[in-house]
Amino acid sequence: MRVLITAGPTREPLDPVRFISNRSTGKMGFALAQAAEAAGHEVTLIAGPVTLPTPERVTRVDVETALEMLAAVETHLPQADVYISCAAVADWRPEVCSPVKLKKAGMDGVLKLVRNPDILKTIRPLKGNRIFVGFAAETGTPEPEAERKLREKGLDLIVANDVTAPGAGFATDTNCVTLLFPDGRREAISLRSKLEIAQEIMAKIATLR
Ligand code: PMT
């Protein structure tokens, strides 16, 4: 299969020195790319700003903002059989990005934000026979929100991730997640390395074909 994966955060600039972002390091998404490649798939990895090396034989596309990530997904989706949206895409961006450093004296402490597009919802009309997999990063019991996102985003599988659970979520080398399917099935994967979680997710995706 040809697998398209997004990973890492997006960075939404306010001026040349400041940005809004989140705690994603890309580890989960890069583990998925490594696991998919090792399973014999052709992998394209769209990465937000992260410091990780590219897994061997994986094609990497670097982006910074949510709008750049959306454009890259739209470019590469037609060649993909599977899209895995692991990136922590910023939901908001500053309304204006100043071309020069903002001066403290000229700022009034109010930052006007505008919504970024939801990448999964935007590309939903292009789904066709492709498998779409999302993640749901939540604080606390993630399943109810994951269930809603599974339906609203028209996914074949969502990976519910309680980012406050010990050893799970952002920046850790391990994770524990629950897989939710549109037919109501739920499968928990207990704490293990992100690579092992990624291997399990890839094995599950193979059964959806
Ligand atoms: O990168 P690490 O440090 O290893 O951390 C891993 C992780 C915690 C980032 C990862 O496991 C994870 O949970 N990724 C999803 C993060 C997220 O943004 O979740 P969400 O619940 O806000 O979004 C739901 C889904 O919609 C996700 O598939 C997301 O990629 C997608 N989305 C979100 C916003 C947006 N504007 N467009 C999107 O497509």
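Me: In β11, which residue is the bridge partner of I158?

Reply: Strands here are DSSP runs of E with at least two residues and helices are runs of H or I with at least four residues, both numbered from the N terminus. Two strands pair if DSSP finds at least two bridges between them; β10 and β11 run antiparallel and are joined by three. Within β11, the bridge partner of I158 is L180.

Me: For the record, this is a predicted model in which local features need pLDDT of at least 70, side-chain atom pairs count only at pLDDT 80 or more, and totals for chains, interfaces and linings use all residues. Residues are numbered from 1 along each chain as its sequence is written, and side-chain values use heavy atoms, with hydrogens and water left out. How many residues lie between β11 and β12 in their hairpin?

Reply: β11 and β12 pair in the antiparallel sense over six bridges, and T178 has A188 as its bridge partner in β12. In the turn of the hairpin, G184 has a positive phi of about 95 degrees. The number of residues between the two strands is five.

Me: Which strands are the edges of the open sheet?

Reply: The sheet has eight strands with mixed pairing, in the order β5-β4-β1-β6-β9-β10-β11-β12. The edge strands pair on one side only, and they are β5 (59–62) and β12 (186–193).

Me: At what angle does α5 run to β12?

Reply: Axes are lines fitted to C-alpha atoms, for helices over the stretch in contact, and angles run from 0 to 180 degrees between N-to-C directions; contact means heavy atoms within 4.5 Å. Helix α5 (residues 194–208) lies across β1, β6, β9, β10, β11 and β12. Its angle to β12 is about 150 degrees.

Me: How much of the ligand's area does the protein bury?

Reply: There are 27 residues around the ligand (a heavy atom within 4 Å), and S24, T25, S85, K149 and N161 come nearest. A polar side-chain atom of T25 lies 2.6 Å from a ligand oxygen, an N or O atom in the side chain of N161 lies 2.7 Å from a ligand oxygen, and a backbone N or O atom of P117 lies 3.0 Å from a ligand nitrogen. Taken alone the ligand exposes 770 Å² (Shrake-Rupley method, 1.4 Å probe), and the share buried by the protein is 96%.

Me: Is R60 buried or partly exposed, and at what relative accessible area?

Reply: R60 lies in strand β5, and its side chain makes polar contacts with the side chains of T54 (3.0 Å) and D62 (2.9 Å). A polar contact is a pair of N or O atoms within 3.5 Å; within protein, one must be able to donate a hydrogen and the other to accept it, and residues adjacent in sequence count only if both atoms are side-chain atoms. Buried means under 20% relative accessible area, exposed over 50% and partly exposed in between, with a 1.4 Å probe and protein chains only. R60 is therefore partly exposed, at 23%.

Me: What is the relative accessibility of V63?

Reply: V63 lies in the loop between β5 and α2 (66–76). Leaving aside neighbours within four places in sequence, V63 is in contact with residues including I46, P49 and M69. V63 counts as buried because its relative accessibility is 9%.
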